[in-house]
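Please look through the model below before reading on. The text then goes from the separate chains to the places where they meet.

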Amino acid sequence: MSSNAAIVDHNVPPGEPPHIHHMDSKTAYGAAKLGMWLFLATEVLLFAVMFCSFALMRYYHLEEFHDASHHLYLWAGAFNTAVLLFSSYTAAVAVTKAQLGDNKAVVKNFGISILCGFIFLAVKTFEYSGKAHHGMFPFVWNENFYEYKNFLGIYYCMTGLHALHVIIGMVVMYLYGVRPAMNNRFSGKYYTPVELSALYWHLVDLIWIYLFPLLYLVG
Amino acid sequence: MEHSQSHDEEGHVVPVSTFTKILIALLCLTVLTVAAAQVDLGKWNIVGALIIASMKASLVILVFMHGKYENKILWIYILLPFVLLAILIGGVFTDDPFRDQLIHFEVEK
């Protein structure tokens, strides 16, 4: 059996919740959502440690952080912010569409979000390669890197971990949103996977909302 | 919301127009934060940037993530990580910058 079977249960008619024998679907929905928010809380705490290190590093190396942040491409960061905000919007719209049973619109809106994810990563690659060109990237470093080593260290840790979350979010939206929706899986009775994957994508957006001004604007 | 309706899963259907308004507000705040950073306000730059970022985050949590329609138990889950982040930063910043002011006791051999 392909892994498709695990996600699209063909024994359940389209639009009906999966068979859960120990609880009704309303309880299952509430429990799933609570679990997702608990997971998101642990994700926030993962980034919390990095935000705390950022604050401490900035406290000790204020001058360096100011200078270094001017070396980042402000417009690339601003453009990426707009891209992520828009993708978050389409993800939110996908949930509404799933609740109304419009599976085609779920595919379309999550598709746009995934496309925005690709655009975000492309811009990020462009930024990283620009840094590499100036010797400010791991493995190609030179004296430019060492001048700003504290800022660049935390910059690559935070944006790298965030980019990893972007990739995971895109995979999650495809597996649990787009693919089941292509099988007309969702309706007002059952849309939990759409809502939970959209929540994950919003978290990715939330982290970037803080990363952008801290790294690109105030340094 | 005027279009709130109860479903099997008890979720709220938020109209797309609400999301559109929020998106426009978020984009405006992004422009505002970039513009504010061009003015040198000293240490107030970061304060302003964080306030605007928190406004944007609130909009995303309340509307995009349906936080507005969630119950109190779920709100504990939403707020807890921010409380823990505040404790973490508060703890680190009342400790590390003052390390060199500690009285060092010489240990007699």
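Predicted model: local features only at pLDDT ≥ 70, side-chain atom pairs only at ≥ 80, totals over all residues.

Chain A is built from eight helices and has zero strands. Of the 219 residues in chain A, 41% are buried. Among contacts in chain A that join residues at least 6 apart in sequence, 77% link residues at least 24 apart.

Chain B has three helices and zero strands, in the pattern α-α-α along the sequence. Buried residues account for 22% of the 109 residues in chain B. Of the contacts in chain B with a separation of 6 or more, 42% come from residues 24 or more positions apart.

Within chain A, two helix pairs involve α8(A). In one of them, helix α7 (residues 149-182) of chain A packs with helix α8 (residues 192-218) of chain A: the axes come within 9 Å and cross at roughly 160 degrees. Angles over 145 degrees count as roughly antiparallel, and α7(A) and α8(A) are therefore roughly antiparallel to each other. Their crossing is left-handed. On the α7(A) side the contact includes Y155(A), M158(A), H162(A), H165(A), G169(A), Y176(A) and P180(A). On the α8(A) side, the residues include P193(A), V194(A), Y200(A), W201(A), W208(A) and L215(A). By class, the contact of α7(A) with α8(A) has 16 nonpolar and six polar residues, and no charged ones.

The other pair is α4(A) with α8(A). Their axes lie 9 Å apart, at an angle of about 160 degrees, and the two helices are therefore roughly antiparallel to each other. The crossing of α4(A) and α8(A) is left-handed. From α4(A), the residues that meet α8(A) include L74(A), G77(A), L84(A), S88(A), A92(A), A94(A) and A98(A). Their partners in α8(A) include V194(A), E195(A), A198(A), W201(A), D205(A), W208(A) and Y216(A). This contact of α4(A) with α8(A) divides into 14 nonpolar, five polar and two charged residues.

Which residues of the largest nonpolar core touch the most other members? In this core of 75 residues they are A92(A), A94(A), V194(A), A198(A) and F19(B). At least two core residues are supplied by each of α2 (25-60), α3 (62-69), α4 (74-99), α5 (103-133), α7 and α8 of chain A, and by each of α1 (16-38) and α2 (44-64) of chain B. The element that gives the most to this core is α8(A), with 19 residues. In soluble globular proteins, nonpolar side chains tend to be buried together.

Two loop residues deserve a look at the backbone. Most residues other than glycine have a negative phi. N184(A) is not a glycine, yet has a positive phi of about 55 degrees. N184(A) sits in the loop between α7 and α8 of chain A. Is N184(A) buried or partly exposed? With 15 other C-beta atoms within 10 Å, N184(A) is partly exposed.

H66(B) is likewise not a glycine and has a positive phi, of about 65 degrees. H66(B) is found in the loop between α2 and α3 of chain B. A residue counts as buried if 20 or more other C-beta atoms lie within 10 Å of its own. H66(B) has 22 C-beta neighbours inside 10 Å and therefore counts as buried.

Note on methods. Residues numbered from 1 in each chain as written. Chains lettered and ligands numbered in written order. Axes fitted to C-alpha atoms, helices over the stretch in contact; angles between N-to-C directions. Helix = DSSP H or I, 4+ residues; strand = E, 2+ residues; numbered from the N terminus. Parallel < 35°, antiparallel > 145°, perpendicular 65-115°, else oblique. Left-handed = near helix turned anticlockwise from the far one by under 90°. Contact = placed C-beta atoms within 7 Å. Nonpolar A, V, L, I, M, F, W, Y, C, P; charged D, E, K, R; others polar. Buried ≥ 20, exposed ≤ 12 C-beta atoms within 10 Å, placed from the backbone. Core = buried A, V, L, I, M, F, W, Y, C linked by C-beta atoms within 7 Å.
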